[in-house]
Amino acid sequence: MEYSRCFKPFTLILGGIILLLTFFSFIIRTLPAYSGNADVLMFVGMDDPTYQLRRIEQVIANYPNVAWFEPMTYFPNGQPMHWGPLFPFLGATLCLITGAVTRTEIISTTLFIPCAMAALMVPIIYLTVSRIADWKAGLAAAFFIAIVPGQFFFRSFYGYLDHHAGEVFFGSLFCLCYIFSLVYCRKHPVDLKDKETWKVPILLGILCGITYVIGLALMPTMLLFALIVAIFTPAWFIIQRYIGHLGASALIINSMTFLVAIIGFFIIGVHSEGGLNYYTIGHPIVYSLLIFGNILLFGFSYKLRDKPYWYYVGAIVGVTVLGIITLAIIFPDLFAYLMANANAFFGSDDIHWKTIQEARPWSFDDAWRTFQYSLLLFGAGAAVLLYRIRKELCPSHVFTLIWAVVILYATCQHIRYEYYLAVPVAILAGIAVGFVFNIVNLPFGMKSGVSAVDDKSRSGKSKSGKSPETVRTGISSKSGVVKAGSLIFLAIIIVLALLFSYQALGRDLAMGAYNLNPDWRETTEWLNKNTPDPGVDYYTIYDEKNFTYPDNAYGVMSWWDYGHIITYLGKRMPNANPFQYGVSGPNGSARFFMTHNESEADQILDNLKTKYVITDYEMDTGKFWAMSTWDDPDVGVYPYQQTFIFPNPDDPRSGTPHPILTNEYYQTMISRLHNFDGAYTEPENVHFLRYMKPSASGISAPVVVDGAQTNYSTGKTLVNSFNAQENPQYGVILANLGYAEPVEPVQALNHYRLIFESGTKIPVGDAKNLNYVKIFEHVKGAHISGDGILELLVKTNTGREFIYRTQSVNGTFTVPYPTETSVGAITIPGKYRNAQTGIEYLVTEDQITEGQTI
């Protein structure tokens with residue numbers, strides 16, 4: 001290598017452009033940091049970023065140790081950690097270097113990490129594409145990766161402190177090293193008889209292995225790139241065999257890469273059992289299988305070295321099929337394990353996935369919304385690679401194409417992998433742009449061909465027997481057509497690139513800033529300061545084998561979305577978390593919030609040793625379908641929220657679908673808690689609907705044929721008077737549209753009391769009690785003898801007042817609030833009063849917590 005080339009003016013200018021693009025990529029991601037707002041916590045994303053901050057704080061307190069067991073979530077079990085140690089270690093190291101010790105300083109320092117990783121993708125992509133194509137393609141791809149919108153920009157923006165940008169960064173760094181190895185070995189193939197040819201490939205394999213292990217230390221999902229190599233390897237062997245080599249280059253590069261990966265994995269350690277999304281023994285097994293596969297492929301190549309090329313291709317296909325069958329027969333458990341992990345990664349028919357925003361399938365609308373015109377450039381770049389593979393049979397082109405296809409398929413299965421797809425899109429789009437700038441010169445590149453004709457013309461005739469003038473005219477004619485086509489192709493690609501750049505930059509600059517939900521922040525900060533210490537130290541690293549929860553430990557029940565913020569800001573232990581632990585099953589959060597039976601809900605909390613329940617407006621509305629799906633995927637949200645078709649008054653032959661809420665919805669625990677504060681509530685006005693069943697109408701949803709808004713008593717009479725036997729094609733129902741407008745009496749909750757609510761009020765119809773977030777305490781409740789209905793005035797911390805009502809059951813009232821005192825942030829100014837007899841009752845907090853009878 002001539003080092004003087006690095007200081008040539010063109011190289012320096014090119015380096016300067018890459019540096020500017022890197023800086024530009026960093027700046028557009030960190031714009032919120034320059035707003036002057038000192039409250040940096042408000043910029044933090046709600047879910048995973050808060051948990052990464054928790055991990056960084058813990059590493060700072062125990063530096064350089066990283067926890068592999070987390071007792072501060074999924075209470076009362078705790079959870080093994082499947083996120084790698086690298087990200088919190090990097091964050092903690094940066095904080096220690098810069099002297100960041102307070103929470104505000106730690107946030108201010110670490111929020112830049114994903115932005116920096118994304119910005120460093122610019123030189124990585126340039127170096128990668130310049131090896132695959134040339135500097136023009138590399139420059140275009142570097143620009144595209146700097147601005148590409150969607151999940152990659154979203155997850156590398158200031159405030160989204162998570163490892164996803166690191167996954168892309170280290171995965172791309174590995175691919176850069178691997179492609180560099182492919183390019184080198186194409187020029188300098190390994191000859192097993194010449195040991196001098198081994199040295200550089202061995203070093204390159206080690207380098208690939210090191211970059212792989214670094215990525216693996218970030219997340220186990222680095223295994224995706226091992227899969228890409230595994231798919232590519234047979235193609236590499238076939239290419240080498242076709243050009244006359246036995247495949248020693250592939251053998252050395254891949255064997256060294258995954259030998260280092262095995263060593264590196266054991267340095268990281270086995271920290272769990274189960275799937276490959278954890279640090280399990282499955283990883284070194286997979287890497288060993290890859291090495292064995294390389295040895296097998298090389299062995300066949302060597303054995304069939306004197307046979308025709310197609311013998312080897314046939315042997316690879318046969319061995320692959322036979323190997324899969326053999327693995328399934330001899331090691332059925334291992335085969336099932338690998339298939340299950342592949343299915344979990346690339347997609348599953350499990351309906352629960354559809355309730356997770358980042359795990360749902362990627363639709364065409366999603367694809368176009370994110371990448372728009374770059375999708376066309378992506379396709380053009382893929383076509384260019386296919387063309388060049390046909391012409392040059394270059395392994396680096398094949399690897400890049402397989403990389404793009406695998407990531408595209410993964411993204412189609414789960415939208416979360418869109419952040420991975422940004423890299424292949426930028427690379428292939430850059431290759432398309434670089435290609436058109438090259439082919440536009442093809443008509444002028446035919447001079448050498450003309451010169452050949454001129455040489456032959458000296459003898460007076462060309463090989464075809466035509467005169468030189470005729471040949472020149474034909475070439476000139478073809479040259480003009482090619483030139484025109486090239487210019488048109490160039491114009492199309494440039495227009496697409498400009499349209500994509502305009503759209504991408506517009507979306508990037510309109511990103512705004514993350515805003516930590518202020519109501520959840522207010523709620524969890526209150527929770528931290530005003531509830532008992534659960535007895536588990538927030539900063540201590542615990543050993544799972546020796547850990548037991550103290551007797552005073554307790555959990556907090558909420559939907560899984562909010563588990564991390566409960567841990568980070570509340571410093572309390574949620575039963576469910578965004579890892580989807582604690583959601584399903586008889587004691588899961590879904591069952592708790594969907595049950596109609598307070599006794600079942602009580603038993604769940606008792607089983608989980610849970611003291612508090614936190615609800616919010618989103619659980620009550622937009623996320624309700626997810627909770628119902630997790631609870632019973634066979635019926636989902638249908639029993640609770642049904643869609644009816646209401647005829648158009650102006651055209652009875654047409655109608656409008658509209659969702660309505662049934663009694664099943666109003667009787668759920670989430671509705672009884674959040675909508676009615678656990679108080680007995682009688683319905684007021686209801687909608688009586690008579691409808692034609694789908695089986696009769698042939699339409700997928702019931703069609704309303706008659707209906708009216710009426711009071712509950714009249715509506716109930718109409719329902720009871722409907723004769724289903726005489727009207728088998730029709731049905732009737734009482735329903736409503738408002739979330740706090742029940743259609744049947746809603747019984748009181750006797751063991752749950754409101755202790756805090758956030759300040760934001762949600763206007764929902766005529767209801768005035770839907771504050772955004774609420775905290776309820778689970779208590780035994782005091783018992784009062786009597787009949788009728790008890791009423792108690794309750795004043796909340798936001799100034800809202802409501803009447804807690806409860807009916808007697810078998811001559812006994814069970815009540816959750818003490819009187820003439822306060823609980824949490826709630827004030828109870830008076831006594832319980834029997835609405836029928838006027839008798840008042842004084843209840844103490846001890847009577848409530850001990851379940852005494854008054």
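How much space lies in the largest cavity?

Tutor: The largest cavity holds about 50 Å³ of space. The model is predicted, so local features are given only where pLDDT is at least 70 and side-chain atom pairs only at pLDDT 80 or more, while totals for chains, interfaces and linings use all residues. Residues are numbered from 1 along each chain as its sequence is written, and side-chain values use heavy atoms, without hydrogens or water.

A cavity here is a set of points on a 1 Å grid, over the protein atoms alone, where a 1.4 Å probe fits but cannot get out; a lining residue has an atom within 4 Å of a point. Points are joined across faces, edges and corners, and the volume is the space filled by probe spheres set on them. Counted this way, there are 3 cavities of 30 Å³ or more.

H2 supplies the largest share, 4 residues. By class, the lining has 5 nonpolar, 1 polar and 3 charged residues. Nonpolar means Ala, Val, Leu, Ile, Met, Phe, Trp, Tyr, Cys and Pro, charged means Asp, Glu, Lys and Arg, and the others, Gly among them, are polar.

The backbone around these two elements has some details to check. The loop between H2 and E1 contains Pro64, and Tyr63 is joined to Pro64 by a cis peptide bond with omega of about 5°. Pro76 lies in the loop between E1 and strand E2 (79-80). The bond from Phe75 to Pro76 is also cis, with omega about 5°. Most peptide bonds are trans, and most residues other than glycine have a negative phi. Gln580 has a phi near 65°, a positive value in a residue other than glycine. Gln580 is placed in the loop between strand E4 (573-574) and helix H24 (589-594).

Asn515 sits between helix H21 (468-509) and helix H22 (518-530). The C-alpha atoms of Asn515 and Val44 are 6.5 Å apart, although 471 residues separate them along the chain. Setting aside neighbours within four places in sequence, Asn515 is in contact (heavy atoms within 4.5 Å) with Met42 and Val44.

H11 (residues 223-242) packs against helix H14 (residues 309-330) at an angle of about 165°, with the axes 10 Å apart. Axes are lines fitted to C-alpha atoms over the stretch in contact, and angles run from 0 to 180 degrees between N-to-C directions. H11 and H14 are therefore roughly antiparallel; that term covers angles over 145 degrees, with roughly parallel under 35, roughly perpendicular from 65 to 115, and oblique for the rest. H11 contributes Pro234, Phe237, Ile238, Arg241 and Tyr242 to the contact, and H14 contributes Tyr309, Tyr312, Val313 and Ile316. The residues of this contact are 8 nonpolar, no polar and 1 charged.

The axes of helix H9 (residues 164-187) and H11 come within 11 Å and cross at roughly 15°, which makes H9 roughly parallel to H11. Gly171, Phe174, Cys175, Tyr178, Leu182 and Cys185 of H9 meet Phe225, Val229, Phe232, Thr233 and Trp236 of H11. That contact has 9 nonpolar, 2 polar and no charged residues.

H11 and helix H13 (residues 282-303) have axes that come within 11 Å and cross at roughly 5°, so H11 is roughly parallel to H13. On the H11 side the contact is made by Leu223, Ala226, Ala230, Thr233, Pro234, Phe237 and Arg241; on the H13 side, by His283, Val286, Tyr287, Leu290, Asn294, Leu297, Phe298 and Ser301. These divide into 10 nonpolar, 4 polar and 1 charged.

Terms used:
On a 1 Å grid over the protein atoms alone, a cavity is a set of points where a 1.4 Å probe fits but cannot get out, and a pocket is an open set with protein on both sides within 12 Å along at least five of seven lines; lining residues have an atom within 4 Å of a point.
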